[in-house]
Every structure is written in structure tokens, then in C-alpha cells.
Amino acid sequence: MKTLILLALAGLGAQLVDGSLGMAYGVTSTTLLLAFGTNPAAASATVHLAEIGTTLASGVAHWRFGNVDWRVVVRIGVPGAVGAFAGATFLSSLSTDVAKPVMALILLGLGAYVLGRFTFLGLPSGNLGKPLRKRFLSPLGVVAGFLDATGGGGWGPVGTPAILASGRLEPRKVIGSIDTSEFLVAVAASLGFLLGLGSEGVDSTWAAALLIGGLVAAPIAAWLVRHVPPRILGSAVGGLIVLTNIRTLLRSDWVGAGDAAQWTVYGIVYVVWAAALAHSFREHRRNVAAASAAHPAPEGPAPADGAARAGTPVPVPAGETRADAGSRSPEDRSPDAATTV
């Protein structure tokens, strides 16, 4: 029971992060299952089984909050499903010991770019609104889906920073679309594991515990990503990508850093990440204040007549102030004797 409660809490936390930042459910949950001694294929199969439910709930929640671009979902989700099915089918005979650090290095670069771009320049707006093309999304989906199935996570860490870096889609829609399309990836990966492993090693009870925690967190995360300012959200996502992939590199055979070196690097990353978030928060508040000063809210009650509501100047008779004119009834406002202000 204690294990199931821990798994449910882990599922809740992982989905809260995944639904609000577009990544980390699979990585977090798979890491926990591996710590319990589950073999990699069974751990990935269990997590993807739980993700069928969590990604469906997350996708519905994001859709209701307007966070989903369905063209992106289809263009990246279908190729992602193909890659996930292939990765799940061949996981037992594949080694990702070499692929993981290479991909971590690529993702580290993308994460550093996203962190710096959003922290110092805010939301990339030069390409915002331009369509994301199939020739970009399709290969991205295949690679992300394959890594997600073989590594127990990777759909969000690969897809989210790549689309964010393009600057063509605002962060909340990147996250909502990635989370929604992951449903297709989870279904395809589960089918691949079913064919490759059968039901051996897959603990449906553990999957149910992860699912329950994820279902609770899904609507909360979808609401959160809707209300967090894009600049702050981008800095948060970038920092998470950097931290996750530095951790992978430090523990790989390429580096093999000791505990003291690892924690020193983690401490530096945490300090830089906190400073970036603080800077983004200050800049966001400054921009909001500047926008409010440039477009101050009108004082007093809103005019009752339709012309004034539409933005037409209120006619003010000579010798009266705007307040005097506003206090009179619409019938007393004669445009023949008015001077427009």
C-alpha cells in the first residue's frame, strides 16, 4: 500500500510538471520504477500504459482551456506513434547507452537556447503565427516517439524545446499540443510492448496508481499553463531541460562524475535557473506596468449609449465638461449643439 501511495503521488507530481511544462512525466515515472528494480522494458511499458489515461485527460483539459493546435497534434502525433511503436517493439534488443548522452547533449543546447531566449528577450515573436511545416514536425515526431518508447520518456523533452525554439507557437499551445499528441504515442508504444513483451513484467496495479495521480493533476496543470506568463513559462521550461540533461550527461559513461562534482554542478544550475526566473518575473511586471501606462483604463462609469461603447467620442456641449455631459441622459445630448472632444 505504501508503494502504491508513493506511485500515486509520483504520478500526480509528474503530471503536474508535464501538463504545465510539456515534459517529464515519463522520465520521472520511469526513473521511479527503475529504482524499484523494474527492468527497463517493463518500466517503460508500465508508464506508457498509465499514460494512455493521463494523456487523454490532459489533452481534454488543454483543449477546454484553448491550449491545443490540432494541426500540430496531427502532424507530429501520427509520425510519433510510428516511432513509438518501432521503439517499443525493438527495445529489448536495443542499447541506448550511447544514444542517451548524444541526445542529452543536443537537448542541453536546445534547453540553454530556450532559457536564454525567454529570459533575456521574452517570447520569440518574429515567427509567431507562422505555420509549423510537416517536413519539420514529421521527423521530429518519429525521433521523439522512438526515444520516448526506448528510454521510458523523451516525447516532451525532445518535442517541446524544438518547437519552442522555432518561435512559431506560443508556449502554452506548444505544451498543450505536445501533451495532447502524446496520447497517440502512448497507445502506439503500449501496442508495441504488448506484441514484444506480452503482459510479462507489466504491473497493472502500479500503472493504475500512476494513472490515478495523473488524472488528479491533469486539469490543474492545464489551468496553470493558461495563466502563467509566457516569458516565465519559457524560462521555467528551459531551466528544466538544462537540469535534466546535465544530470544525464554527468551520470553517463562519457563523464562519470562523482557525487561531489554532480552536486556542485546542480547547485550552479539551480542558482542560474532561479536568477533567470527572477529576471523574467521582473521583466514581465515591468512590461505589464508599461502597457498599463500606455493604455490607461477610462475613469468613471462606462457611457450608456452604443456610440460611446464603440469608441465614438461623446459629444460635449459648449461650456460643459465631459463629466457634465456624461451625467445627462441620452435624450438631452443634442449633437446639433455639441462640440466633440
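The structure is a predicted model, where local features need pLDDT of at least 70, side-chain atom pairs count only at pLDDT 80 or more, and totals for chains, interfaces and linings use all residues. Residues are numbered from 1 along each chain as its sequence is written, and side-chain values use heavy atoms, with hydrogens and water left out.

Two packed helices are described by the angle between their axes and the distance between the axes. Here, the axes of α6 (residues 134-151) and α7 (residues 155-166) come within 8 Å and cross at roughly 155 degrees. That makes α6 roughly antiparallel to α7 (the word applies to angles over 145 degrees). Axes are lines fitted to C-alpha atoms, for helices over the stretch in contact, with angles running from 0 to 180 degrees between N-to-C directions. Contact means heavy atoms within 4.5 Å. On the α6 side, the touching residues include Phe136, Leu140 and Asp148, which meet a set in α7 that includes Trp155 and Ile163. Sorted by class, this contact has 9 nonpolar, 3 polar and 1 charged residues.

Helix α10 covers residues 230-250, and its 21 residues reach 30 Å from first C-alpha to last, close to the 30 Å expected at 1.5 Å a residue. The expected span is 1.5 Å times one less than the number of residues. Since 17 of those 21 residues are buried, α10 is largely enclosed by the rest of the structure (buried means under 20% relative accessible area, exposed over 50%, partly exposed in between, with a 1.4 Å probe and protein chains only).

Phe281 sits in helix α11 (residues 259-294). At 43% relative accessibility, Phe281 counts as partly exposed. Phe281 and Leu233 are 48 residues apart in sequence, yet 9.9 Å apart in space, C-alpha to C-alpha.

Technical notes:
Helix = DSSP H or I, 4+ residues; strand = E, 2+ residues; numbered from the N terminus. Parallel < 35°, antiparallel > 145°, perpendicular 65-115°, else oblique. Nonpolar A, V, L, I, M, F, W, Y, C, P; charged D, E, K, R; others polar.
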